[in-house]
Structure formats: structure tokens, C-alpha cells
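Please look at the structure on the screen while I go through its features.

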Amino acid sequence: MTTATPSIRIALVEDDRHFANTLRCFFQLAETVNCAVVFPTAEDALREVPSLAPEVLLVDINLPQMSGVELVARLKVTCPAVLCVILTMYEETALIFDALKAGACGYLLKRTPPQEIVAAIQQVRAGGSPMSPQIARHVVSFFHTSRANDSGLEILTEREREVLALLSKGFMYKRIADQLHISLDTVRFHLRKIYEKLQVHSRAEATMKYHGRQVEE
Amino acid sequence: MAAAGPGRAEKVTFDSVETTYHSGTAEDLNQVIDGLDAGTVGWAVSPQVDQPQAAIFRCARPVEANEFKLSFIFLSRIPNAFFREFSISTTADTQPSLQGRWEPLNPVWFYAIGPKILAVGENHLQLAGSARACVVRVDIPGLNRRVTAFRLEVFPAPGGAMPNQGTVGCSVSGDFGLTEFRVEASNLASTNVALACPVKSSHPVGYLRPEALTDGRLTTFASPMDPRLGGEFFFEIDLRSIRTLDHLVLKNRVDGMVPDMLSQVRLALYEAPPVAEIEPTWQAYWRGDGSYPEPGCADVIRAHDGTGVFRGRYLRISSDSPHYGCPQIAEVEAYESLAIGQFTIHADGRELALGKTVTVPTGAHALSFDVALPESLQLSGLQVRRRLYGDGHHEDWRMAEGGGLADWPCPPPGTYEFQAQVRHTDGEWNECTFLLPVIVLPALWQRPSVQIAAAVALIGAGFWSIRYLVRYRLAQRVADLERCNALHKERTRIARDMHDVVGSRLTQLTVMHDIFAAEHALPAAAVRSLARLKKVAREGVAALDGVVWAVNPNNDTLANLADYLCHCANEYLTPLDIECWQDVPTDWPDQPVGAQARHQLLLAFQEALQNVAKHAAATVVTLTLRHEGPDFVVRLDDNGRGLPDNLSGARKDGLVNMRARLAGIGGACTISPRDSGGATVEMRMPL
């Protein structure tokens, strides 16, 4: 909760008004994060976000109509600069992975202590991408079975693969940095790159699925 | 020789006789019609022998016949007391009189015992020669018309005892003595409708009259008088009504003389009197090759021998033969198409309903067919033949006279045709056959319909049974699926509600703690109390998350179980500064894991994490997840201080709990020390 850095303009897409207000209340106390608006639906967000242009958008997955995953995918087209972070009640890896493929650059559980949420927002703003070992394994699995590139994991750089491998073993960023003799920020940078490649690759694969009628999910 | 078949001859009785002149008593005259050939007195006209005389014989009742056989008997014991020249007429007048309407008739046949007899002029016959007694037979056509009286006319003719004076009789006195006049009405048993029908010719005929063609006698014949007429000449027979014919018969003269004069015959039937512009309804060219019927043989001509509809009233016959005097014909016969009249069929004595078909009930033993000919065919001796035909049942015709019953043993079940044919009096079978489809029903179980029905029923029953079973099973399966689906939905709903409502509030509670702590300057004790509250709330959220995760059916997979265990380990250990290394496959088989099993394993796993955190004093915990054979294996290796010799207290209770939970889902839990220090907790859950 440093006050040195300017506050990050964020917006929240959350249909649970009580939880949203409580969290917004905490953000006001924290001062590092300025939550301007709470959108109760994805549709509202989709309409307002382009003009609002928040730096980070916290998105709940389960929304009344359009899901958070779809919102992320659409915003990735209309406002690619907005960093989307999934904020969900569920530790449903598959669903979260879908959101990451759609363009989210991280995810948080709602029950995460609010200080950690603020920290995560700051990390994301700084170019980081929080990734759990489970997600790392999904990423590995994704690139391993990806049909978008026959060379599979080779789409990732050597270093990215090393970071992924260590992360999927449950190693913390610090240990990974130490083991690879890189900085913590470099680890975060690699993870962001991995996310980006995941998104690009997801779109490529989606296109290929569309044209090639691939049945594989 | 009449057409085939016995005839019926009936004596005609007279009740009175009237003459233009009678020389004897009325009693004498009545002897002529007394029906007894004996007696020497009768009708005589002396002395008025030089004048035509006449006698009319009134019938006791009107008579109809196709031919009348007249007998004139002269037994007066006076030599040559017979007519010189005479003719015969009939009348249909109700009160026949000498002045009534009389129609002269052409004798078709005559014969005399004693004198010679010959035909002279129109309708006249002459007797010549000498004889002590004389019997004359004259046959005249009856034309099937009503006759109430016969008239006999006698004419004076020269050649007797008085050369300069013609007399009516041939006796010395010029008289005659007719002692008996007898008439038999003959109805020839014949289906020949041309018999005794009027015949005319386009030109005069030679030898006999045209009626010779329909007189039923082969001994008489007719041909054109002018031999050079060729096709111009024709005979025309009036069948007296329009008739649908079965066949025509042409017969040649029997004496074998010039038989080739019946050849290249043209036959034509007309419904209306044929005049130039009328087209025949049927015509044929018969024996166009110049052949001819042998004497005594009959040429049978059927519809198919010509063209058109074999029907008509007027039959014209001519010949294209180059021979002179054609056609010369002895007899023309016409046979109507005959139909069976009434018809009944009995099965074992029970009359069956007649429809377009007759159905014989199951189990009938005998069938009897009763054919009744129409009244017009009630001729004695008319033959009818019948048979049952069909379904491989080729039965010979059975002959029977006229109608009456004909019995058959009931044939095997099948479809037959009862056929009946009438035989014409000339021996030809009527071409048109009476047909009646007869269906002999099989026993119920023999009927194809029943067999098919049974088969269909059987198949149907089978089908329905299978269908029922399939449907039943399907319904059960659908119900199961629906239950599953409903359960799935319900579980999802519960999970979401718990998360969104309860989880969200609890989470809100933890956030609010931070807000309070930041907003208010609280005493240290209050801050500690708030911190405990926050901890409890956090644990509540975690516990709720575990329950909700277990309840949520979306997590019923091995991959999700693995993810969640990793997540729990991370979430639990990371805040405790215990690293959680993971040795977890990236891919899992698509293996379902039930909520109950997942929840029990999760609780045991959390217990194990607690144990490690509380008692092991480890800095790194390695979580290994494996799918080994039938089991899902969860192993926690810590780098802590290992296990004491005897587990006790909370740790022992924890182990007991873990074992109990895994035992409840058929699994096992072991704790063992590691060689490199620390301990290993291994949980196996069967899949």
C-alpha cells in the first residue's frame, strides 16, 4: 500500500452488488487503485469500457447474460490496451484457462485477501501475469497438443518453456528466477509473453477449427 | 329330319267344322273331326264338284306350334275319292269364319300314300293317280303363331272322268270323300330360333320355296331359279326378333348332288330390315376358299368367324361362288346365346348366399348346384354340363339333363369357378359359359389371412414387446438421465448459490475486516479479535469452497480433481511459507470421479496438509498425483522432521480420520517415513 505510485484506474464487472461495493470501498482505502465504475453486466461494460478506458478491468466470469470470458474476448478486439483480470469465486481451472485464452492476463479468486488483489492489479499493470502451477500445466498441455503449429511447444522460446516447466512444478517466481538466473520481472515478462502467445495461438486454433472443422476441443 | 332332339307333338282338337257346301249330313261332317281314323263318311261336295269348295276347322282352343302336321284321310271306299288340288290356310281370328282373314301357308313337306303328290303354283298341292284309299301328310310351318282354325280349300282341276270339266275330286263323279282331318301341333325341341322362320329371297327360287331353309328338314333345299344371278341373289331369314346369337349352322343338301353350291357364302346380320344403306351388325365370309360342307354335316359359324356384334333379326345369305345357282342351302339354323336362369348352391343341404362369388364355409362336405333353365328353354332333354374348375382342380364336365341338382364332394380349400354350359339341340355347347366364382374357405387356421394375421400379430406382439421394453428401458434411461441431469443442474445451482450468496458474504466479511481495521483506530485487543474473526471467516470461505467444489458436478473429472488438489495445497501452504512443489501430469484420462469420493478425498487431503503444516515443520512439500492402474494416487512428501515412533494426539486422530474417509470410498491411506527425512502420506482412491 505504497502511495508513491499513481493510482491505477480500474473498473469492475461484477453482478454481486454487495461484494462489488465492499471491494470498491477497500480500493478507495488503498488509494493505489481507483475503481471508477462497477458494471453489473458484461453488456454494460462492453458499451462503456471503450470511452472509460480503464487500465485494468476486473471481470467476474459468471455474469447474468454474456459471460466474463466472452466479454474479455470482445474487449480484446475493441480495447486491446485494457488489461483484463478474471476475478472469480470458482477455482475452475478449465474455465479460467478459457478466460486466459480469450485474452485475460491473469486471474484472482474473490476470496483472495483484498491486499493481494491490489498487489496483483499492480503486478498486472507492471507487465506481470500471475500464473498458478495448474494453469502452467494447462498451458503446457495446450501448446503440446496444439495443431496451430506442428512444432508444438517450439512456438515458445527456450526460456519461456523453462519458466513454464518450473512453474508447473509449483515453484514460486522467486525460485524460478533464482534457478534460471533471471530477475523476478523477467519471469513475469516471460509469463506475460506466454499469455500473449496463448491468446494468439488460441485465436489461430479457433480459426483453424473453423476452417478445418477440427473436432478437437 | 328335324334339328336334333325329340319333339313334342300334340293333337289339335276341333270343336266345329263349317263348309261352303256339304252333300251329306252334319253328322257325317262331324265324323271328319271326331279324331277317329275309322269311318267311311265325311265331307263330300257332290254334285257341286266343279266349284271351289272350302272347309274350316275350328280349334277347341288356340294352338301354337312351330309346325303343324296335317293328315288327310280318304277312306270312303270309293276309288280315287281324293282332292285334285288343294291349299291350306290358317287364321288367328277369334271367331273363325269362311269370310275371315286367312293366311295361306306353304307346305314344307308332304307325302301321299296312294296317289302322287306335287306342289303346284303358290301354296297349292296336287294329287294325281289312282288309289282305293289315300292318306296325305302335309306339314306346314306353324311360325309359333296363334292359330284358331284351319282352312282347307279345294279347287276344280282337269284330268278326271270328265275331260271337259275340272272337278274338285278325282272319283268317277268328280267328288272326294274326306273321312278324317287330323292336325298335330309339333313343337320341335330345338334351340334353333330360325326354325320355321319366314324366309324370303331376292329373286325366285327353284325347286322348293325359300322356307325350305328353315323347315328343319335336310331333304328340302332352295337355290336361286336364275343360275346367273351370282352375288345379287340372297335369302333373307327373319328371326322375328333381334337375337344375340351363339352360332349359326349351314347345312348342305343331303343327297350329295352338286354340294359345291354351298360355298363362298356371305352372311350378314341386321337389326333392322336391311335396305341398301344399312350396315350389318355382323358379317362373315364363309368358306371363301371354295370348299363346301359335306352332305349331312353341319357348318358351325360363330361370332369370331365374322366381324361385328353377333346379333340381329335379319339374316341375309348370298354367295360369291362362280358356280351357277348359288347358294343352294338345305337348312339354316340360328342358335341364341343361352343363359342359365336360376341358380342355387347348397353346402351340406344348406343354401348359400349368392353374390358375385359364393363362399363355401369351412368344413363343408358336399356341394350341390341347382341349375334352372329359363322358361323359354324348358325343353325336355336339354343338356347342361357343369364343373368346378380352378386351383389345380381340373375336373371333367359333368353332364346333366336340364336343370336339377348336381352334387360334388367339397373340394379342398381354394378358389374355383363353377361353370355351366347349355347344349344346344344341335349338339353344340353354348359358347357363353355361365361362371360363378366359388371360394371354399379353409379352416380358420388354414386361411392365409388368418395365418398372416397370426404372423402379423405375433410379430406385432414381439415388436410391441421389444418396443415396450426398449421404450421402457429408454424411458428408464431417460428418467435416469433426467434425474442425472436434474441432479447435475441442482448441484450446479446449489454450488453457485452457495458461492454467490454464502461465499460472497463470507468473502465480503473478510474484506470488511480490512476496511474496519484501516478506517478505525482500534485498540490492540480489538484488532486481535478482529483478526480472529477474519481468520474464522477465511476458513469458512475455504471450507465452503471445498464443499461447493465437491458439490459442483462440473468438477466430476480426474483433471479437475488434480487441479483442485494443487490449488488447495498452494493456497494452504503458500501463506505458511511452505513451498508446494508439484509433480503432476499435464494430461489426465477422461475419468469421472463422483462428488462423494472427491469430497472425502479432499477432506482427507486437507487433513494431511494440516498435519504437515502443524507437525512436520517442513519447508517444502511435494505433491505427487498419479493415475496408477485403477487408483488415483495422492502423495504428499514433506522435508520435515519425520514421524515419531508412536503417533499420538491430534496427528493420530487426523490419521484415523484420513483412513476412515478413504476407507469410506474404498481407498486407503498410509503414512510412512521417508529415507531422506520427512514423511510420506499416500492416499489411494479407486476410480
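I begin with R111(A), which forms a salt bridge with D545(B). The closest N and O atoms of R111(A) and D545(B) are 2.6 Å apart. Please bear in mind that this model is predicted.

How many salt bridges does the rule find across the interface of chain A and chain B? It finds 3.

Which elements of chain A contribute to the side that touches chain B? Two or more residues are given by each of α1 (17-30), α5 (114-125) and α6 (133-145) of chain A. Of these, α1(A) provides the largest share, 7 residues. Sorted by class, the side of chain A that touches chain B consists of 14 nonpolar, 11 polar and 8 charged residues.

Let me turn to the extent of the interface. The size of an interface is often given as the accessible area lost when the parts come together. Here, the area buried between chain A and chain B is about 3100 Å², and carbon and sulfur atoms give 54% of that area. On the side of chain A, the residues that lose the most area to chain B are M89(A), R111(A) and R137(A). Together these residues account for 22% of what that side buries. In terms of contacts, 33 residues of chain A meet 37 residues of chain B.

My next topic is the largest pocket, whose volume is about 1900 Å³. Which of its 49 lining residues are closest to its centre? They are E116(A) from chain A, and N570(B), E571(B), T574(B) and P575(B) from chain B.

The lining of this pocket draws on both chains: at least two residues each come from β5 (107-109), α5, α6 and α9 (184-212) of chain A, and from α3 (524-551), α4 (558-573) and α5 (595-616) of chain B. The largest share, 9 residues, belongs to α3(B). By class, the lining comprises 27 nonpolar, 12 polar and 10 charged residues.

Finally, I return to salt bridges. Over all chains, the structure holds 45 of them. One example joins the side chains of E158(A) and R161(A), at 3.3 Å from N to O. These two residues are 3 positions apart in helix α7 (residues 158-168) of chain A, so about one helical turn separates E158(A) from R161(A).

Thank you for your attention.

Terms used
Residues numbered from 1 in each chain as written. Chains lettered and ligands numbered in written order. Predicted model: local features only at pLDDT ≥ 70, side-chain atom pairs only at ≥ 80, totals over all residues. Heavy atoms only, no water. Contact = heavy atoms within 4.5 Å. Buried area = accessible area lost by both parts, 1.4 Å probe. Salt bridge = Lys/Arg side-chain N within 4 Å of Asp/Glu carboxyl O. Helix = DSSP H or I, 4+ residues; strand = E, 2+ residues; numbered from the N terminus. Nonpolar A, V, L, I, M, F, W, Y, C, P; charged D, E, K, R; others polar. 1 Å grid on protein atoms, 1.4 Å probe; cavity = no way out; pocket = protein on both sides within 12 Å on 5 of 7 lines; lining within 4 Å. Points joined across faces, edges and corners; volume = space filled by probe spheres on them.
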